[in-house]
Amino acid sequence: MEDVPVWFVSLACLGALYIAAICGRPLAYLVLCLHRPKDLHRYGSWAIVTGPTSGLGRSMAMELARRGLNLVLLDLNADNLRETSDAIKSLHPVKIKTVVLDLSLVAAPEGDAAIRRLREAIEGLDVGMLVNNAAVNTPGAVYLHEADIERFVRMIRVNLWGLTEVTAAVLPRMLARRRGAIVNVGSGSTVAVPSFPLYTVYSSTKKYVAQLSRSLYVEYKSKGIDVQYQVPFYVHTRMLSSAVKAKLRPWFVATADEYTSTAARWIGNGPLCVPGAAQKLQWCLTGFVPDWVHDWYRVRLHLQHRAVLRGGGRRAVIANNAHPRGEQAGTPPNANASVALGPNISG
């Protein structure tokens, strides 16, 4: 038998390593499923949730309350906060504080005053967890030169500055007790695909959150603080427009309650997680697709979204894009809400 060529052995080894890396994702998920979830009370008896009035933010607040944690809820709209607080209290015997905070005003005098109110609200509380759920994704699928630049500025303020400033305000109390958990809600567009054209600014802000989360995880792990970047793919919320829903396979789309129930189980287990078996499968499958195919498909799909925005479905899609997670109808389009937007691999 002739010797096997060196180039063949090398390619076979590279292929095996690649397959092992891809398969490591579901294996890690299976290992976690065999473990008991961490008792979130070990971090503290209070949790802060931003953007908690609808979508994933509301479901996460409900899930944490179900697990017995008291809540500090941060949102732009006082009426929505009151309604959410009453709804949670009617189901769970927990204490709730609310803070009206417009994250699009950070670094402005109004924003400084709101951050001071947050610090005052948590003074004396055993705050052990922060869930940074708030974010915005308006104006939707557009070329960079087409959109009102002020909308992009608001997005950057909420998704970057707001998240960073709230985190910085909460960290000192966690450091003093040497325990805490910070959960930053991201987007599948940051881990599963090489580009996210026409949603470029939004996905770029989430890339910042991903890098910030990983670096903070390394910085504060030795100080007893777990920082985690949680990545939703497609989830049924108001941010999932009709143009996107029409192309989705239902078994790949989680409800907000399904997502947050699994996401809460992951808290404290590593710097990155994609909660849910179906969503983890989407992440794994995208790893087998070459980057150029992702790029070609993304441009094609998002141009379809843009066509709907500019055509007869404009009002319906803009309505969906204007009311992200944590924001209810009637609130301004720059509200501090968040988004469940990830790559559609099944369309």
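Okay, let's start in helix 2, residues 55-66, where Glu63 and Arg66 both sit, three residues apart, or about one turn of the helix. Helices here are DSSP runs of H or I with at least four residues, strands are runs of E with at least two, and both are numbered from the N terminus. The two side chains meet in a salt bridge, 2.7 Å from N to O. By salt bridge I mean a side-chain nitrogen of Lys or Arg within 4 Å of a carboxyl oxygen of Asp or Glu. Glu63 counts as buried because its relative accessibility is 7%. The cut-offs are under 20% relative accessible area for buried, over 50% for exposed, and partly exposed in between, with a 1.4 Å probe and protein chains only.

Quick word on provenance. This is a predicted model, so local features need pLDDT of at least 70 and side-chain atom pairs count only at pLDDT 80 or more, while totals for chains, interfaces and linings use all residues. Residues are numbered from 1 along each chain as its sequence is written, and side-chain values use heavy atoms, leaving out hydrogens and water.

Now the whole protein. We have eleven helices and nine strands, and 54% of the 347 residues count as buried. Take the contacts with a separation of 6 or more: 78% of them come from residues 24 or more positions apart, a contact being heavy atoms within 4.5 Å.

How many salt bridges does a search of the whole structure find? Eleven. One of them joins Asp226 and Arg42, with the closest N and O atoms 4.0 Å apart. That pair links distant parts of the chain: Asp226 is in strand 6 (residues 225-230), Arg42 is in the loop between helix 1 and strand 1 (46-50), and 184 residues separate them. Asp226 is buried, as its relative accessible area is 9%, whereas Arg42 comes out partly exposed at 46%.

Arg306 is buried at 18% relative accessibility; Glu146 is partly exposed at 29%.

On to aromatics. The search finds one aromatic pair in the whole structure. Phe196 and Tyr199 make it, tilted, at 5.5 Å centre to centre and 40° between the planes. Rings of Phe, Tyr and Trp (its six-membered ring) pair with centres within 6.5 Å; under 30 degrees is stacked, over 60 edge-to-face, the rest tilted. Phe196 is buried at 4%, and so is Tyr199 at 7%.

Last stop, the surface. Val4, Trp7, Phe8, Val9, Leu11, Leu14 and Leu17 make a nonpolar patch of about 750 Å². Patch residues have over 30% relative accessible area and no salt bridge; nonpolar side chains (Val, Leu, Ile, Met, Phe, Trp, Tyr) are joined within 5 Å, like charges within 9 Å. Leu14, in helix 1 (residues 6-34), counts as exposed because its relative accessibility is 56%.

Technical notes:
Areas by Shrake-Rupley, 256 points an atom, 1.4 Å probe, with all protein chains shown as cover.
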